[in-house]
Amino acid sequence: MRPAVLVLRNALGTALWLGLALLARLARLAGSLPDRAIQGLMDLWADLLAATTWRGRLLGLALLPVLVTLPGWAGPATLSVMISALWFAYVGQAWNLMAGFAGRFSLGHCLFVGLGAYLAAGLFLHHGVGPWPGLLLSVPAAAAMGALVGALGCRRGLGPVHFALITLVFVELARLAAGHLEWSGGLDGLVLPPPSQPGNAPLALRGTPALFYYVILAMAGLALALCRLLTGSATGYRWRAAREDPAAAAAAGVDVHRARISAMAVSAALTAPAGMFQAFYAGALAPDQLFSLTRSVEILLGPVVGGVGTLFGPVLGALVVSPLGDALSDLSARYLSSGGGHDLSALRPFCYGAVLAAVALLLPGGLWPWLARKLRLTPPPGAGGPP
Amino acid sequence: MTGLLALEAVSKSFSGVRAVEDVSLSVPGSAIVAIAGPNGAGKTTLLDLIAGVHRPDAGTIRLGGTDIAGLPPHRACGLGIARTFQRPRPFPGMTIEDNVVVAALLREPEMAIARRRALEALEPLGLAAACGLPAAGLDMSGRKRLDLARALATRPRLLLLDEPLAGLSAVDHGAMIDFLRALKGRRGLSILLTERDPGVAALLTDRIVLLDHGEIVETLSVQVPA
Amino acid sequence: MSLAFYLNIVTGGLLTGLVYGLAALGLALIFNVVGVINLAHGGVLVAGMLAASWVAAARGADPLLALPAVAAGLFVAGFLLQRLVIGRLDGSPESRRLPLMLGIGLMAMNGLVLLAGPNGRAAHPPNAADALSAGPLLFDRLELRAALIALMVTAVLVFFFNVSRTGKALRACADSPFGARVAGLDVARLRAVAFGLGAAVTGTAGCLLAQIGPVRPALAPGHALTAFVIVLIGGLGSVEGALFGGLAVGVAEALGDTLLGPDLKSLPGCLLALLILLWRPGGFAAVTSSETAE
């Protein structure tokens, strides 16, 4: 079969198969919703208990009220930093699906964020579609895009380096496309009009920062739960096997190529809502901002620092890195305004680079495993807990 | 040629070097066949060809009548071919149990049942008790057994074992021989194994194929000691 | 538009393509021998450009005079970087090496922006912008000179790899590090040499590019992307592939610039890369070699 047809068939086939599998699952779920939901939550709870020692549980219990009541006691600056951090925790978790479970480093996740953002903003501005209904289009679109990138980028003979470079090419194409289509506002991008009434409107995603905070907090929590469920599922097992040793996995019956494509599709689908959130939170999108290497690096910095492939790594990493990034931006802005000669806007990506190199050299497993061991938050390996 | 597996005139070269040359052999159902030969004879390549890692340059490979030459490894596995590796390849970051669960998921999509099948595969190989430990911590004997458990969990019709006895201590050697002999009794399972020493191979089977420089030198029929 | 018009564009593209090819050659060389993708490629290129522009500005002299210093300096820098930093992760999985290379790349590109500012500067030699004509074709003198120098450097490299002892040792390293060690070669040192050489080659290409295009540190990621597209088209570790890819991308970019506008000039190259991946994932190198895809 001609290669082009093969690749498209792979991408389409996996996307369709995923879609059908999802529908089948949802149908079964709907049939037994209450039981399934309760069982699922109980499983998750049991998992969480198994994954933590009493210290870990204590820490979790202490943190939870802090997080939930944050808008009540934190100032606007802190709130903004926390929203940013949680956003990166969410997106990092999605990126982690691909890197940690499919074993492929994507340098182009800003592609899916941008796709979600542009679709959300565009649908709202041009067609009056609200943010949540808009997801019905943007999530499958992102999944299809992810499947395409996976099908093309994970072909036989293409290694992780090829994949990384290919994601960069896709980002560039997206940037060019967004910058030259009328629907996406061309080089100026899109701007969402300010809300017509003050006050919170969760369904329209307009309101105070506190609203956005709770939305992203819920999203981050759901992402965490989803990733945990995926890890323990049959698909998750196949993903992990494909990542650990593709040849041995194939010998055990795992279709490694399809596993990688489906991991990419799910990762992309999970990322799209973050784009939607960004569009409505920031209120403006521009192609050069959204589709840049720095954006992609910001997304992967959390998981890499926190620990690729672990459950809590991306969260920890994002909570550590995001405030630092904001502080650096602040620093360079203040330097500029106080009359300093140099434009320090490159300082932030420079520091990101330094952090990446340092982590790669010194703490490749990431911060979370090290911290968890030191503080004894999780049981030692072999007691059957998740990473 | 009848039987479960039939190779006819299979050849394979890599960059001009002929690894396997015009090999024909057959493996009947419920039998053990050994391929014996020195290092570099092409034993692993032959297994790789059957398992789908490489595509033969010439010849046919049939499993139960179906042409399987060139099928990717996961498809071959789906059709009932399982294999172990010369140097065992566990999934290092996963537990012993999870290693086998991955394989069991091929036949049992439900996690709970797959887990049960995995433990059933680990039990006779003595790994069930330690199943929650990371696979990376196993010694050579443990890794070989894990490889085998993983292969068996896919409920194969044909088991390809690449030097299953190499690197084992005397005690484990004997235990593995006993286990493999017991496997032969299983309905519907055939084993094709490679082994450097024909004498050792004779402990397991009566059909030994001698391979050297990629070609079949001789096919022996030996009396297996009781 | 007349045929001559298009011919000129294609020729100009081929000339620029030779320089792009040289830059990508450095990248391919590093990937081939050391096995890492030099994500600092853009930074190295811009470093070469900046050196050339500094010579032009400060001395008012021909920026090509910067070449020997650039090549030597970048060789040493690359050698040390591989020897002291990157080489530590030799044998580590890609999941560890990619973040390191990414980190180094970000530091290089943004470090240059911090030092030199994101703005542009000129790097044209004193007697600039002459044109030579040959029939219907009009050659930009600077482009022609840059392309010829690129061609010469490439020829020297090819000669070096095939004839000299170090060159052959490097090729041995690339083919089989284990075999090379068995043969008594100091693989770690050779890898450092390869990295230094690749950096020097890329920096040289940067000097050449400085005279035929804008010199702006902020453009480093764009240059890097061009090089990545080239090696994707040509085949990641292939030297001939880098050259072919360079020519292809040079022409694609020239056509894109003229037909679609300067904003979209990277479009044809990117599409070409994706098409090649569709057709032959190994790139041009896989097309020419007789190995069937396994």
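1. In chain C of this predicted model, helix H3 (residues 66-85) and helix H8 (residues 187-212) have axes that come within 7 Å and cross at roughly 145 degrees. Axes here are lines fitted to C-alpha atoms, for helices over the stretch in contact, and angles run from 0 to 180 degrees between N-to-C directions. Helices (H or I, at least four residues) and strands (E, at least two) are DSSP runs, numbered from the N terminus. The crossing of H3(C) and H8(C) is right-handed, and their contact has 17 nonpolar, six polar and two charged residues. A crossing is left-handed if the near helix is turned anticlockwise from the far one by less than a right angle, and right-handed if clockwise. For the classes, Ala, Val, Leu, Ile, Met, Phe, Trp, Tyr, Cys and Pro count as nonpolar, Asp, Glu, Lys and Arg as charged, and the others, Gly among them, as polar.

2. A word on conventions: residues are numbered from 1 along each chain as its sequence is written, while chains are lettered from A and ligands numbered from 1 in the order in which they are written. As the model is predicted, local features need pLDDT of at least 70 and side-chain atom pairs count only at pLDDT 80 or more, whereas totals for chains, interfaces and linings use all residues.

3. Where chain C meets chain A, the contact takes 39 residues from chain C and 43 residues from chain A, two residues being in contact if their C-beta atoms, placed from the backbone, lie within 7 Å. On the side of chain C, helix H4 (94-116), helix H9 (220-234) and helix H11 (267-279) each supply at least two residues, and the largest share, 16 residues, comes from H4(C). That side divides into 27 nonpolar, eight polar and four charged residues.

4. Chain B also touches chain A, in a contact that takes 25 residues from chain B and 20 residues from chain A. Helix H2 (73-79) and helix H3 (96-104) of chain B are the elements giving two or more residues to the chain B side, which comprises 16 nonpolar, five polar and four charged residues.

5. Chain B itself has seven helices and ten strands. Its radius of gyration is 17 Å, close to the 17 Å that the globule rule gives for 226 residues, so chain B is as compact as a globular protein of that length; the radius is taken over C-alpha atoms, and the rule is 2.2 Å times the number of residues to the power 0.38. Buried residues make up 47% of the 226 residues in chain B, where buried means that 20 or more other C-beta atoms lie within 10 Å of a residue's own, exposed means 12 or fewer, and partly exposed lies in between.

6. B:Asp22, however, has a positive phi near 50 degrees; B:Asp22 is found in strand S2 (residues 17-27) of chain B and counts as partly exposed because it has 14 C-beta neighbours inside 10 Å. B:His213 likewise has a positive phi of about 50 degrees, and is found in the loop between strand S9 (207-212) and strand S10 (215-221) of chain B.
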